[in-house]
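Please look at the sequence and the three-dimensional structure shown here. The paragraphs below lead through them step by step.

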Amino acid sequence: MTQVATAASPTAGTAGPNGTIWIGERAGTIRVLDDQGLGEPVIDITGETTTDGERGVADITFNPDFTRFYLSYTDIDGHSTVDEFEVIDGEVQVDTRRTIFFQEQPGPAHNSGHIAFGPDGLFYISLGDGDYSPEGDPYDNAQDLSSLLGKILRIDLDAGDPYGIPADNPFVDDPDARGEIWAYGLRNPWQFSFDAESGDLWIGDVGHLTREEINVAPVGVGGQNYGWPNMEGTLPHRGPEPPDHTSPVHEWEHGLSGFCDSVTAGFAYRGDAIPDLRGSFVFSDYCTGDLQALQTQDGQVTGVLDLGANAGWVSTFVQGLDNELYVIDMGGFGSEPLAGAVYRIDPA
């Protein structure tokens with residue numbers, strides 16, 4: 001790894017115009033990486049968000065042609081919000097800001113808020129179950145198809161105001177379900193990503209009492225039920241296993257870090273700098289910081305690689321336009337900004 005910048009509690013990142021890397025700091029600032037590190041904020045919403053609990057800037061992304069920029073965060077009242085900005089010649093037009101998605105949250109944990117455009121050009125949003133209690137999701141939000149909590153959503157930003165619902169979404173014709181839902185049964189899908197080559201969807205779902213899990217869905221396949229809160233990974237948690245439960249492709253028991261565990265999903269590596277890693281899914285754990293990769297063949301996990309590097313408090317990964325990867329160290333957990341870092345994953 002090579003450290004390329006320092007940042008104040010960075011929690012988000014994305015590839016920007018002309019191969020740039022943009023970084024979101026938890027308290028509300030968005031900065032662009034250059035040869036000197038991170039520049040002055042291009043967006044600053046400090047005062048409009050809160051770092052209470054797990055809140056703050058959740059994610060950032062551009063649309064595929066870099067004409068619009070999206071910022072996912074929790075507003076000052078703690079509710080999940082996604083704002084859109086127009087982009088002209090690579091510069092965000094801050095006066096064009098408008099809210100395109102809003103979801104009330106019942107508490108300061110499991111808000112998630114990861115955002116990305118899929119290979120289909122549609123917009124995906126992850127939301128946690130909104131609860132952090134010993135029983136885990138006591139209102140069964142993740143299994144309730146009338147709720148957006150505990151789900152991954154799929155919407156069309158070009159087919160409505162502020163968005164439309166794609167006609168091929170799995171529950172669009174169910175009168176008792178929200179049409180935005182693409183997948184459900186998730187506890188806190190803090191990060192997900194699409195394989196730049198296959199289009200498959202990888203999801204890291206933060207566990208509860210016993211284990212962390214990574215799920216994968218083939219490109220274009222929606223409607224999966226990942227089981228929470230009935231299941232935690234492949235183990236029963238509360239109630240019977242759903243008949244349509246999709247099991248994780250990888251899970252691990254808690255306790256490996258000594259005090260906490262929290263999966264941070266990355267990307268299927270499709271860069272050229274590390275040929276032996278191509279096709280493997282890179283991920284980490286927020287509490288251990290160890291970089292690992294799932295080896296796959298024909299859609300099945302065949303092994304787990306220890307990449308021999310530690311990136312601290314890993315909050316997210318970034319994939320550049322060249323498909324090379326960066327990993328973000330949040331610096332720790334707390335309401336005040338902490339010294340974090342941006343690393344590029346290089347050959348050993």
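Predicted model: local features only at pLDDT ≥ 70, side-chain atom pairs only at ≥ 80, totals over all residues.

Residues are numbered from 1 along each chain as its sequence is written, and side-chain values use heavy atoms, with hydrogens and water left out.

The chain contains zero helices and 27 strands; here helices (H or I, at least four residues) and strands (E, at least two) are DSSP runs, numbered from the N terminus. Its radius of gyration is 19 Å, close to the 20 Å that the globule rule gives for 348 residues, so the chain is as compact as a globular protein of that length. That radius is taken over C-alpha atoms, and the globule rule is 2.2 Å times the number of residues to the power 0.38. Along the principal axes, the C-alpha trace spans about 55 × 45 × 40 Å.

Of the 348 residues in the chain, 58% are buried. Buried means under 20% relative accessible area, exposed means over 50%, and partly exposed lies in between (1.4 Å probe, protein chains only). The chain exposes about 13900 Å², of which carbon and sulfur atoms supply 47%; accessible areas come from the Shrake-Rupley method with a 1.4 Å probe, and for residues only the protein chains shown count as cover. Among contacts (heavy atoms within 4.5 Å) between residues at least 6 apart in sequence, 53% join residues at least 24 apart.

The strands may be considered next. Strands of a sheet pair through backbone hydrogen bonds, either parallel or antiparallel. In this model, two strands pair if DSSP finds at least two bridges between them. Four strands, in the order S15-S16-S17-S20, form an open sheet with antiparallel pairing. Its edge strands are S15 (191-194) and S20 (250-253), each of which pairs on one side only. Neighbouring strands of this sheet are turned by 10 degrees against each other on average, direction ignored; the axes are lines fitted to C-alpha atoms, for helices over the stretch in contact, and angles run from 0 to 180 degrees between N-to-C directions. Within the sheet, S15 and S16 (residues 201-205) pair in the antiparallel sense over four bridges, and Phe192 has Ile203 in S16 as its bridge partner.

Another antiparallel pair consists of S9 (residues 80-88) and S10, joined by eight bridges. Ser80 has Gln103 in S10 as its bridge partner. In this hairpin two residues lie between the strands, and Asp89 takes a positive phi near 50 degrees.

Attention now turns to charged side chains. Side chains of opposite charge can pair when their charged atoms come close. A salt bridge is a side-chain nitrogen of Lys or Arg within 4 Å of a carboxyl oxygen of Asp or Glu, and by this rule the count comes to 18 salt bridges. In one of them, the closest N and O atoms of Arg68 and Asp158 are 3.1 Å apart. Arg68 lies in strand S8 (residues 68-74) and Asp158 in the loop between S13 (151-155) and S14 (181-184), so this pair ties together parts that are 90 residues apart in sequence. Arg68 is buried at 19% relative accessible area, whereas Asp158 is exposed at 60%.

Asp161 and Arg98 also form a salt bridge, at 3.2 Å from N to O. Asp161 belongs to the loop between S13 and S14 and Arg98 to S10 (residues 91-103), a separation of 63 residues. Asp161 is exposed at 68%, and Arg98 is partly exposed at 30%.

In a further salt bridge, Asp195 and Arg270 bring their closest N and O atoms to 2.8 Å. Asp195 lies in the loop between S15 and S16 and Arg270 in the loop between S21 (263-268) and S22 (281-285), so the pair ties together parts 75 residues apart in sequence. Both Asp195 and Arg270 are buried. Salt bridges that share partners join Arg68, Glu84, Arg98, Asp158 and Asp161 into one network.

Two single residues complete the account. Gly13 is found in strand S2 (residues 10-15) and is buried at 10% relative accessibility. Leaving aside neighbours within four places in sequence, the contacts of Gly13 include Trp22, Asp59 and Val318. Pro108 lies in the loop between S10 and S11 (115-117) and is partly exposed at 35%. Leaving aside neighbours within four places in sequence, Pro108 is in contact with Asp52, Gly53, Glu54 and Arg55.
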